[in-house]
Amino acid sequence: MAPLKFCANVSWLFTELPDFSQRIYAAASAGFQAVEAAWLYDSDLQELQRAREATGVEVVLINTPPGDLKAGELGLGAVPGREAEFRQGLDLALQYAKALDCKRIHLMAGRVPVGSHRPAVAKEMEAIFVKNLNYAADILSKEGITGLIEPINTRITDPRYFLDSPHQAAKILEKVRKPNIKLQMDIFHWQIMDGNLTQNIHKYLPVIGHVQIAQVPGRNEPNSAGELNYSYLFNTLENQNYQGYIGCEYKPLGSTQEGLDWIKEYWTRSN
């Protein structure tokens, strides 16, 4: 049984350092062999390349651009009337992914438009998302890249996010039916929206292409106080022979380094 592979989300960890390239060096120094990030697009791409090459760290995941954050956007994949901007954002994400040899891109669905009621626009948004995912699948397959869709909880984190449950995401994947479009399981979001984690892991593992972790409800280190028993969940993933990466997407209670005892203990046990 192979040990689980973890990657540091440098949008959440090592934020004591201002630049993503510096955070990549810090992650490598802390023992991580891989990193992920949300949006790297304000960073100098050559500096990121140098950091990746100097450390040997693998960049395993980036997100498509969010759109206009100041206007309240968080992805465009399912947003009506923004298909052209989604494709432009995909092109930019692909440029960074190719330069960083990153093999996974989170294709962000986006939010229900302000003033719209979810039930009234759900069918239209799903149809747009399926169309955009099919387009992305064809583009990404030429580069050997997997596209991921991630449910984000609407109870605490983002009440207007379109894609909010593993079951909704799985139905969309059934309509897309492209082998390089998979499900991103953020355990934090799944616990808040649905619970039943053991059964959901068993049920959806064949279509899961990436995992992320944080404690519930505080979204802190997995060994911090909260609802989830991560020793059990890690054992479950190991027993299911999960081969992908697990992204550490959480808010450290103190400094990043002070909160890494849990993963150092895991690495020690696994060696």
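This is a predicted model: local features need pLDDT of at least 70, side-chain atom pairs count only at pLDDT 80 or more; totals for chains, interfaces and linings use all residues.
Student: OK, the fold. What do the strands do?
Tutor: 8 strands close into a barrel, in the order 1-2-3-4-5-6-7-8, and the pairing is parallel. From one strand to the next, the twist averages 30°. Strands here are DSSP runs of E with at least two residues, helices are runs of H or I with at least four, and both are numbered from the N terminus. Two strands pair if DSSP finds at least two bridges between them.

Student: How many bridges join strand 1 to strand 8?
Tutor: There are 4, and the two strands run parallel. K5 stands opposite Y245 in strand 8.

Student: And on the strand 7 side of strand 8?
Tutor: 3 bridges there, also parallel. V211 is opposite I246 in strand 8.

Student: Which way do the residues of strand 8 point?
Tutor: Y245 and G247 point one way, I246 and C248 the other, and all of them are buried. Buried means under 20% relative accessible area, exposed means over 50%, and partly exposed is in between, using a 1.4 Å probe and protein chains only. In a regular strand the side chains alternate between the two faces of the sheet.

Student: What does helix 9 lie across?
Tutor: Helix 9 (residues 261-270) lies across strand 1, strand 7 and strand 8, running at about 155° to strand 1. Axes are lines fitted to C-alpha atoms, for helices over the stretch in contact, and angles run from 0 to 180 degrees between N-to-C directions.

Student: Let's go to strand 4. Where does it link up with strand 3?
Tutor: Strand 3 (residues 58-63) and strand 4 run parallel and are joined by 2 bridges. N63 has H106 in strand 4 as its bridge partner.

Student: I105 is in strand 4 too. Buried or exposed?
Tutor: I105 is buried, at 0% relative accessibility. Its contacts (heavy atoms within 4.5 Å) include L61, I62, A93, L94, L140 and L148, not counting residues up to four places away in sequence. I105 and L94 are 11 residues apart in sequence and 8.1 Å apart in space, C-alpha to C-alpha.

Student: What about the nonpolar core?
Tutor: The largest one has 89 residues, and F6, F32 and I213 have the most contacts inside it. Helix 4 (residues 118-141) gives the most to this core, with 9 residues. A nonpolar core is a set of buried Ala, Val, Leu, Ile, Met, Phe, Trp, Tyr and Cys residues joined through side-chain atoms within 4.5 Å.

Student: What does I213 touch?
Tutor: Among its contacts beyond four places in sequence are F6, I187, P222, F234, I246 and W262. There's also a second, separate core of 6 residues, which includes V60, L61, L148 and Y245.

Student: New topic: how many disulfides?
Tutor: The count comes to 0, where a disulfide is a pair of cysteine sulfur atoms within 2.5 Å.

Student: Which residues have a positive phi without being glycine?
Tutor: F14 has one of about 60°, and D101 has one near 55°. F14 is in the loop between strand 1 (5-9) and helix 1 (20-29), and is buried at 3%. D101 lies in the loop between helix 3 (83-99) and strand 4 (104-106), and is partly exposed at 41%.

Student: Last one: what does UniProt list?
Tutor: Its unreviewed entry gives residues 25-266 as "domain: Xylose isomerase-like TIM barrel". UniProt positions are in the numbering used here, feature names are shortened, and annotations may be inferred rather than shown by experiment. In the model, the end C-alpha atoms of residues 25-266 lie 21 Å apart, and the span is 41% helix and 13% strand.

Technical notes. Residues are numbered from 1 along each chain as its sequence is written. Side-chain values use heavy atoms; hydrogens and water are left out.
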